[in-house]
Amino acid sequence: MKAFKIVFLTLLFLNGFLLNSLFAKEININSDKMEVFEDDGLAVFTGKVFAQTKDIKLWADKLYVYYIKGEAKRDIQRIVAIGGVKIEREKWKAVAGKATYFKGEEKLILEENPKVWHEKNLVEGDLITIYFNEDRSEVFSRSGGRVRVKIYEK
């Protein structure tokens with residue numbers, strides 16, 4: 001009976017997560033392990049994490065989902081992907097060691113050797129911030145590093 005209760009609570013959590021996800025109304029997540037820390041408002045997906053929505057795919061070693069509990073659902077606040085992060089959407093692709101998405105601000109921060117491609121064009125630096133609501137991005141260098149861009153004419 002205890003195993004059933006854990007599975008049931010996990011399904012309830014995932015249902016809330018699916019309906020209130022980072023990217024869309026539906027997100028599918030596969031991983032080797034999932035832990036839910038209800039009191040902390042945190043779900044951790046570990047091991048070969050793959051998350052997919054209608055038009056976005058994400059791979060990482062770990063995925064942390066921070067949420068606030070409501071009466072009937074959980075409101076996602078922030079999602080952090082760590083280790084071998086790869087994100088694909090249409091002609092866009094990004095890789096980084098860490099990606100943090102802030103839902104309320106519609107902001108994505110890529111750290112640890114981030115690179116972003118649009119088709120063959122490439123931008124890389126030490127920190128890349130994408131503001132989805134403003135349709136803009138910023139690329140920063142740290143410690144004397146440089147921002148690097150490769151643009152190919154059509």
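Mentor: In the hairpin formed by E5 and E6, 2 residues lie between the strands, and Glu90 adopts a positive phi near 50°. The model is a predicted one, in which local features need pLDDT of at least 70 and side-chain atom pairs count only at pLDDT 80 or more, while totals for chains, interfaces and linings use all residues. Residues are numbered from 1 along each chain as its sequence is written, and side-chain values use heavy atoms, with hydrogens and water left out.

Strand E5 (residues 74-89) and strand E6 (residues 92-102) run antiparallel and are joined by 10 bridges, with Ala81 standing opposite Ala99 in E6. Strands here are DSSP runs of at least two residues (E), numbered from the N terminus, whereas helices are H or I runs of at least four; two strands are said to pair if DSSP finds at least two bridges between them.

E5 also pairs with E4, again in the antiparallel sense, over 11 bridges, and there Lys57 has Glu88 in E5 as its bridge partner. In a regular strand, side chains alternate between the two faces of the sheet.

Thr53 is located in the loop between strand E3 (42-52) and strand E4 (57-69). Thr53 counts as buried, at 7% relative accessibility, where buried means under 20% relative accessible area, exposed over 50% and partly exposed in between, with a 1.4 Å probe and protein chains only. Although Thr53 and Ile27 are 26 residues apart in sequence, their C-alpha atoms are 4.7 Å apart in space.
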